[in-house]
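Here is a short briefing on one chain. Look over the sequence and the coordinates before reading on.

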Amino acid sequence: MQGLIVTPYDLALRFVGLREVSGSSANPQILTMLRLDEEWPEDDVVPWCSAFINYIAWLLRLPRSRRLRARSWLLVGRPIGLEEAEPGFDVVVMTKGGADQPGPDVIDAPGHVGFFAGTERTKVLVLGGNQDDSVSVKRYAKSRILGLRRLSGVQG
């Protein structure tokens with residue numbers, strides 16, 4: 001169908017509900033996402049938020065970080081402000097937790113990444129993987145945002 005555009009957000013929505021497998025097994029779909037760029041993951045009990053975003057970007061031939069570190073997404077796409085963000089092509093990168101986390105200039109620190117899904121007062125809504133061990137939409141404090149990136153273009 002000519003003119004049909006599927007955004008990364010649209011495609012990511014199809015994965016809502018995908019969960020880790022408890023016990024010694026691993027969800028083969030999550031393991032595939034993890035191993036797209038790294039060979040070491042043996043199971044899905046590792047941080048896989050970046051793997052999920054990389055997988056969606058790979059499926060759509062969009063630029064991607066090719067790393068399992070969430071903060072690696074601070075180097076992909078074009079930086080935008082929160083006021084410009086909209087569901088579709090925008091990725092939000094956040095600190096992993098407390099206020100003692102380093103700023104966006106430290107890429108190899110813990111973090112979290114997902115697709116921007118909107119805002120509510122002091123919260124940002126994020127569609128991402130490894131959110132309570134599944135793909136879901138979750139609310140995070142806006143104060144945790146390290147950066148927003150707009151994915152665009154086609155990667156060869």
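What covers the buried residues of α3? The cover includes α1 (8-13), α2, β2, β3, β4 and β5. This is a predicted model: local features need pLDDT of at least 70, side-chain atom pairs count only at pLDDT 80 or more, and totals for chains, interfaces and linings use all residues. Residues are numbered from 1 along each chain as its sequence is written, and side-chain values use heavy atoms, with hydrogens and water left out.

**Sheet**
- Six strands form an open sheet in the order β1-β6-β2-β3-β4-β5, with antiparallel pairing. Strands pair if DSSP finds at least two bridges between them. Helices (H or I, at least four residues) and strands (E, at least two) are DSSP runs, numbered from the N terminus.
- β1 (78-80) and β5 (134-141) are the edge strands; each has a single partner strand, so one side of each lacks a neighbour in the sheet.
- Neighbouring strands are turned by 40° against each other on average, direction ignored. Axes are lines fitted to C-alpha atoms, for helices over the stretch in contact; angles run from 0 to 180 degrees between N-to-C directions.
- β4 (residues 123-131) and β5 run antiparallel and are joined by seven bridges. V124 has Y140 in β5 as its bridge partner.

**Helix α3**
- α3 (residues 49-59) packs on the sheet and touches β2 (90-95), β3 (111-120), β4 and β5. Contact means heavy atoms within 4.5 Å. The direction of α3 makes about 70° with that of β3.
- Nine of the eleven residues of α3 are buried, so the rest of the structure largely encloses this helix. Buried means under 20% relative accessible area (1.4 Å probe, protein chains only).
- Among the buried residues are F52, I53, Y55 and I56.
- R61 follows α3 and has a positive phi, near 55°.

**D44**
- D44 sits in the loop between α2 (28-35) and α3.
- D44 is buried but has no salt bridge, a term for a side-chain nitrogen of Lys or Arg within 4 Å of a carboxyl oxygen of Asp or Glu. The nearest side chain of opposite charge is R19, 9.4 Å away.
- The side chain of D44 reaches the backbone nitrogen of N27 at 2.8 Å. A polar atom of that side chain lies 3.1 Å from the backbone nitrogen of V21.
- Not counting residues up to four places away in sequence, D44 touches several residues, including E20, S25, I30 and L34.

**R64**
- R64 is in the loop between α3 and β1.
- R64 has 11% relative accessibility, so it counts as buried.
- The side chains of R64 and D37 are joined by a polar contact of 2.6 Å. A polar contact is a pair of N or O atoms within 3.5 Å; within protein, one must be able to donate a hydrogen and the other to accept it, and residues adjacent in sequence count only if both atoms are side-chain atoms.

Terms used: Buried < 20%, exposed > 50% of the residue type's maximum accessible area, 1.4 Å probe, protein only. Lys, Arg positive; Asp, Glu negative; His and termini not counted.
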